[in-house]
Amino acid sequence: MTDPKTQTGSRQDEFEFFEESNALWWITLAPTTWAVHFVLAYGGTAVWCAKFGETQGVTVARLSIAGLTVLALGFIGWLGWRSVRRWKPRQNDMEDLSHPEGRHEFLGHAAFLLCIISAIGVVYVAMPALFITTCR
Amino acid sequence: MIRSLAGSGRRLVAMALMMALAGCAGRQSALSPAGEDASWLHDLWIVMLVGAVILWTALNGLFFFVTRVRPNDWPERHANRLIIGGGVIFPTVLVGTLLAYGLSMMPHMRADGDGLVVKVRAEEWWWRVEYWPAGATAPIVTANEIRLPTGQRTELLLDANKYIHSFWVPALGGKMDMFPGRETRMTLRPETPGVYRGQCAEFCGPSHALMAFEAVILTPGDFAAWLEAEAAPAAPPATPEAQRGQTLFRDEGCGACHAVRGTEFDGLVGPDLTHLASRQSLGAGIMEVTREDLTDWIAHTRDIKPEVAMPAYDWLEAAELADLAAYLEGLK
Ligand SMILES: [Cu+2]
């Protein structure tokens with residue numbers, strides 16, 4: 001593979017554009033995980049309780065939420081770790097992130113912050129399953 | 001001059017405080033709980049209030065500190081620590097703790113009842129009520145009033161006829177919405193006998209604000225005696241006046257909409273009137289069962305309560321209205 005840095009100007013721009021538009025998708029992954037976890041937890045419980053709640057209680061739904069929560073937090077944790085590697089906090093201070101050249105690192109930083117808020121969101125969404133023991 | 005100003009200022013503050021506190025007491029207040037569920041909500045409210053006051057003070061204190069006390073630059077390390085500690089960790093833990101505390105109450109409020117079931121259906125704009133004691137095969141029907149015994153958990157099954165309403169007796173517990181075609185459920189465990197007030201808490205139409213009811217809390221003994229009386233058929237008219245009233249009730253077609261058990265009147269459109277005169281209020285919590293209010297209600301129904309299904313009988317003579325009222329007043 002050729003190093004994009006040696007390419008002519010416009011091809012290099014194109015490459016960077018491609019990279020950064022990917023990074024834009026990247027920063028939506030954690031909030032999307034949070035949203036999917038929310039819909040599955042609430043929607044799944046509603047469906048479970050409507051169909052089986054009378055006879056089987058809510059245990060299966062609660063355990064499924066526990067499983068989903070572990071999966072979601074694991075995935076967000078991995079995203080967070082990758083985002084920190086983009087951000088490279090030891091090599092960049094906040095000043096570096098505010099220049100166009102720091103775009104890549106800035107997006108890593110933003111993705112990392114979104115990972116934190118999404119993890120908190122996932123935990124809060126899951127908490128009712130810890131306390132509520134019936135479908136009523 | 002200054003002193004008298006300060007004096008009247010103090011008096012004004014004292015008066016405002018007294019008025020504010022008076023607004024918190026009373027028979028329709030979540031801040032004077034008369035049952036277990038309301039006590040929990042009361043505690044929750046206090047905890048949330050204290051938490052909010054602390055947060056508000058701390059945040060504004062911080063603003064004051066960084067703009068007035070130490071407006072100069074902060075070393076980045078300190079600033080970061082403040083933002084991460086005060087802006088991320090502290091609120092996350094605090095909100096998480098409050099969430100856990102609030103959630104931990106919910107299982108209690110969904111607890112099973114101890115036997116008595118009360119079904120309430122919200123109509124336009126009144127309450128249809130059925131009592132189902134443990135083991136009952138047919139309900140005891142009444143309207144516009146809820147009576148519950150102390151010291152036991154009663155199950156309330158709620159629904160609605162046409163619009164969405166909400167059942168709320170602040171002194172007894174939380175709010176529960178009432179939907180057409182879908183039954184919702186709550187349980188209440190009252191503790192202090194007394195007469196409290198409930199109010200429809202979901203805007204439901206022109207007479208929403210006039211859709212209230214009395215919630216009478218009785219000791220188990222008093223409750224059993226009341227329920228037995230409520231199950232009995234209506235008392236027959238005892239005076240000539242009341243007898244004429246009963247005839248009018250028949251001739252004017254009141255019985256097509258109202259049931260009076262023990263008589264031929266078995267209408268289901270309006271509230272059951274079998275024991276109307278033993279109720280604490282008239283017209284869903286807005287008037288009293290007195291001669292004056294009864295004649296007023298019958299002659300001016302829709303002026304008093306917009307869009308109710310009951311027509312106003314404004315063509316009746318004063319004497320006829322009095323006879324009708326006498327009949328209704330005898331329905332103890
Ligand atoms: Cu209503």
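Visitor: Is B:His165 buried or exposed?

Guide: Buried means under 20% relative accessible area, exposed over 50%, partly exposed in between, with a 1.4 Å probe and protein chains only. B:His165 comes out at 0%, so it counts as buried. B:Cys200 is buried too, at 2%. Bear in mind that this is a predicted model, where local features need pLDDT of at least 70, side-chain atom pairs count only at pLDDT 80 or more, and totals for chains, interfaces and linings use all residues. Residues are numbered from 1 along each chain as its sequence is written, chains are lettered from A and ligands numbered from 1 in the order written, and side-chain values use heavy atoms, leaving out hydrogens and water.

Visitor: Which protein donors does the copper ion have?

Guide: Donors are N, O and S atoms within 2.8 Å of the metal (3.2 Å for Na, K and Ca); water is not among the atoms, so sites may look incomplete. Here they are B:His165 (ND1), B:Cys200 (SG), B:Cys204 (SG) and B:Met211 (SD), at 2.0 to 2.6 Å. Their spacing along the chain reads H-x34-C-x3-C-x6-M. B:His165 sits in strand β6 and B:Cys200 in the loop between β9 and β10 of chain B, 35 residues apart. Strands are DSSP runs (E, at least two residues), numbered from the N terminus.

Visitor: What is the geometry of the copper ion's site?

Guide: Four donors count as tetrahedral if all angles lie between 85 and 135 degrees. The angles here are 92 to 121°, and the site is tetrahedral.

Methods:
Four donors count as tetrahedral if all angles lie between 85 and 135 degrees; four count as square planar and six as octahedral if opposite donors are over 155 degrees apart and all others between 65 and 115; anything else is irregular. Helices (H or I, at least four residues) and strands (E, at least two) are DSSP runs, numbered from the N terminus.
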